[in-house]
Structure formats: structure tokens, C-alpha cells
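Please view the sequence and the structure before reading on.

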Amino acid sequence: MIAHPSGHWRSQWHPEQHRLVHETRFMESPSDDASTIADDVATLRGMGYSQELARRMGAFSNFAVSLSIICILAGGITSFHLGFCSVGGAAIGIVWPLCCAFSLVVALAMAQVASAFPTAGGLYHWAAILGGRGWGWATAWFNLAGLIAVLAAINVGMFQFVTGAFWPDATISISQQIMAMMLITGSQAVLNHLGIRVTAWLTDFSGYWILAVSALLTGALLWHAPGLDFSRLVTFTNFSIESESCLPVWPETSSILWLSLLGSLLPAYTITGFDASAHTAEETIGAAANVPRGIVRSVLVSGIAGWVLLSSIVIAMPSLEGGAMRGPQVVFWTMRETLPSWLTLLLFGAIGVAQYLCGLATVTSASRMAYAFARDGGLPASHLLRQVSPRFQSPVAAIWAVAISATLFTVYTPVYSTITAVCVIFLYISYVLPTILGFLAYGKTWKNMGPWTMGAWYRPAAVVSAIGCLGLIVIGMQPPNEQAQWIVAGTIVVLLIGWFAGARKSFPGPPTGILTLSQQAQP
């Protein structure tokens, strides 16, 4: 072993050892946690890292953390108007499942890489292994920026939802929104500070809560709906045309296809955050098998449950035109017009709780990403941000840095739709970069897979992921979200300058142990 600049130890990790450890863990009984954890620790040590975080998350907890961040009661509800006010009911009945199918393909490709390299660095480590430390560095920044943006979007969306639900006539200033962000995000940081035991319990609860509240809301809406007109879900209506009673969400256009693509921002934003299963790999028991399962299952369950839930909102509307007139208030209007007032208030409160827990899980994911990147010297003040609390075994400095950054981001761009567009672009770039690099390395420098693999289907999935990501980048920069163009372009320029001006020489990248997983596989 030799010393790594981050303070950890490098070790040589042979491909055959990597394969045997993964296969042994995959065949073990789920009840044999002690033996499985020992193998997990050995795998982590072989990649150049010591076990600093508490490994207490089981398979369900790993699934629940991604399910909680995706949270159809957060993005699906607060961004509903972005889809519905494009082409009406078909945005939910047709566009939603098609876009979710794309997200599932991205998740499947991600899961294969996650199974082979189960570390908290997740996507950053994968890109470094498959393409080199420069690609790893860029992926890390896109992923971290995307996670901070999604945390900001979740908490701003929660504040706006709770305000609209319980104080519909209130006028909220930007300063009040920022103050609320500080309180909400700060409390989520405190709970994360207390360690993964508390966070895992809350995210487990969140997984059950999301599914239970979604089922209750769906059943209530269908029961009280004025009728069950399922044809609404396949009917395309152009809601971009401005009138005296309607101010459209999207700029006016005669193209139903273009409006459908713009409306795909709803499912694209909602089905994000499934990389959380990878970021908590070093806290998950049996990570090589349970992390990829958590990634795929969270997307599949959220996609189906979200489809059913949002379809019930469309069906329960007194009228589609009336819903489109309300814009961002469409969900509030539908529930108030359809459900008894006591049930409406109860469901509003339940949805608010789900959205808060969604933000809590996002702090968990983003802080683990920041911790892993700082551990390798990739962030400013890395020596501070990589600190782990001896008492709580949580990356406390990274937790608070993420919380503060998300709050500051809302100061720069308080517009909700722009925040969602930026997070979609950044996250999907970070999701797809390692996948593209994996496509190029597959069967060449990357030959040793984990226990979860797609086999020959990986490369087609990688191609679909790359094409879809380019489409989302274009969609996310369209009016009224032009500010996203400057944010994304500025980020790329800053990253290029940062890499060539200093990081190329100063950034050591992951330890040798993790890099030799690919290097020693070369013929």
C-alpha cells in the first residue's frame, strides 16, 4: 500500500478478487448481515477507502431513499401544471409513461455500473474509472450541482405548496420564501447531522408514507370524481393559446408534438434522484446487489404509482379547460372542487409531510456525494468537507455545506420552473456521462461486472440514454426558462477553466485501488 493525497491508503485490487467478493456476497443469505458487512468493508478497502460511515441500511432502506427523493407527491404534484398545461390529459396518459420508460432505461444502465463499483462517490467514481479522472471531476460537479438544485426545487416547491394549500390568499415575498428555505433546509440538515440511523428510519417511513398517501389521494379523487372519462388521458389539447381567462404556462405554439416535448419536463423532473441509492452505497449492506435493485425499483414503482395518481387528478377535474386556466393552482383547484373540505385539508397536510421527507432524503444523497468528492480532494476546503462526526458517523461538514448552497441557489433564481429545468439538465448529464463512458469501455477496459448486469443490453441502453439526455437539455432551456441557458453555459465554462487552470494538476482523483479495477482488466 502507498499513501494517497486525500489521506487514505491506496491498495491494489485485482479483477478476480473483485469478481469473487461480489459473487460470494450475492449468494449469501440476507440474514447474514455481519458476514455481508465484512465483505462490503473488504470491497471498499480494496478500492482504497476505509469504512468511515455507518453501514446500517438494508435493501429496503436503500430503495426507500431513492423513492423518497423521487417522491411523486413532491415533483408530481408541484410540477403537475408543467405537463398538464401543455397538451392536457395526454401529457399524463401518454407522455408520462413514455418519459418514465426513458428514465427506466437510464436507471438500468446506471444500475449495472453501480453493481460493479459500489462506493459513495457513485457516478463520479464510475466516470473516473471508465474514462479518466478528468471525466470523473466533471461528472462530480454536474451531479453535485444537480443535487443542490433539486434540493432547492423540492423545498421551494414544498413551501409554495403548503402556502397555497393552507393560505391560498396570502402574498409571499421572495424574502419570506428565502427565510422559509433557511428553516426547512436547516431542519433537514439537523436530522441528517444526527446520523444514518435516524435518517434511514425516516426514509423507510417516507417510502411507506408516499405509497399510502398516493393510494388514498387516488382513491378519494376517483370516488368523488364527477365522472370516469378515461378518454381524457389520450386527448391532446393545445393549452398554449392565450386568452382573456387563461395565461399559458408555455409560450404559444401550434405544434402539439413540441408542446408534448415541453410537457415531458414534468416526468423528467419528478423521476430524478434515483442516484441516491448509489450515494448511500457505503452505508448499505450488500451494496453490490442491493444498490442496483434500489435504483431500478425506485424508478419503476414511482413511474407506475405516479401515472395512476396523476391520471386520477385529470379524471377528477370538473373540466380540463378550467384546470388549464388555473395554471400552477390546478391541483389545489381540483382537490377543493372535488373532495370534502376536511379530507382536502388532511391530504394537503399529508402531502406536505411527504415533500419535507423528500428534501430530507435529498440532503442525505447530496451530502454523501460532496463527502466522497471532498475525500478525494475535489472540492475547495476538502480537508474540512470530508470530516465525519465520530459520534454520529455522518459527514457533518458536507451536510451543512449542501444545505447552505441550496438555500443560496434560491436567492439567485427564485423561479420554480427554472430551478426544476436546471436540476433536470445537470442531473441527467451526470447520469449519462458515466453511461457513455461505459459504452466506450464495455468489453475493452471494463470487463469485470458486478452481480447485477444487463449483459448485451447495456450498450443499447447507453445509446438511448445519451440521445434522451440531449433532448432534455434542449427542452430544459426553452422559454420561460431561458435563464437555464446561462446557468448551464456558465457552469461548463467555469468547469473548463477550473480543470485546465489548476484541477488537472492538483486533483489526484480516486485512489489507485479504484482505478486499477479498469486498468488491470486491459489485455
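In this predicted model, the side chains of Arg375 and Glu282 meet in a salt bridge, with N and O 2.8 Å apart. A salt bridge here is a side-chain nitrogen of Lys or Arg within 4 Å of a carboxyl oxygen of Asp or Glu. The pair links distant parts of the chain, 93 residues apart: Arg375 belongs to helix α16 (residues 341-375), and Glu282 to the loop between α12 (276-279) and α13 (287-316). Helices (H or I, at least four residues) and strands (E, at least two) are DSSP runs, numbered from the N terminus. Arg375 counts as buried because its relative accessibility is 0%, and Glu282 is buried with a relative accessible area of 1%. Buried means under 20% relative accessible area, exposed over 50%, and partly exposed in between (1.4 Å probe, protein chains only).

Arg368 forms a salt bridge with Glu283, the closest N and O atoms being 2.9 Å apart. Arg368 lies in helix α16 and Glu283 in the loop between α12 and α13, so this pair ties together parts that are 85 residues apart in sequence. Both Arg368 and Glu283 are buried.

By the rule above, the count of salt bridges comes to three. The table lists them.

| Pair | N to O distance |
|---|---|
| Arg375 and Glu282 | 2.8 Å |
| Arg368 and Glu283 | 2.9 Å |
| Asp40 and Arg55 | 3.8 Å |

In the pair of Asp40 and Arg55, the side chains meet at 3.8 Å. Asp40 is in helix α2 (residues 33-46) and Arg55 in the loop between α2 and α3 (59-78), 15 residues apart. Asp40 is buried, and so is Arg55.

Helix α13 has 30 residues, 22 of them buried.

Where is Ser264 placed? Ser264 sits in the loop between α10 (256-263) and α11 (265-270). Ser264 is buried, at a relative accessible area of 8%. A polar atom of the Ser264 side chain lies 2.4 Å from the backbone oxygen of Leu261. Leaving out residues up to four places away in sequence, Ser264 touches Val95, Cys99 and Ile475; a contact means heavy atoms within 4.5 Å.

For the whole protein chain, there are 22 helices and two strands. Of its 523 residues, 61% are buried. Among contacts with a separation of 6 or more, 82% are between residues 24 or more positions apart.

The largest pocket holds about 660 Å³ of space. On a 1 Å grid over the protein atoms alone, a pocket is an open set of points where a 1.4 Å probe fits, with protein on both sides within 12 Å along at least five of seven lines; lining residues have an atom within 4 Å of a point. Of the 30 lining residues, the closest to the centre are His81, Gln160, Pro328, Gln329 and Tyr416. Helix α7 gives the largest share of the lining, six residues.

Residues are numbered from 1 along each chain as its sequence is written, and side-chain values use heavy atoms, leaving out hydrogens and water. Local features need pLDDT of at least 70, side-chain atom pairs count only at pLDDT 80 or more, and totals for chains, interfaces and linings use all residues.

Notes
Polar contact = N/O pair within 3.5 Å; in protein donor to acceptor, adjacent residues only side chain to side chain. Points joined across faces, edges and corners; volume = space filled by probe spheres on them.
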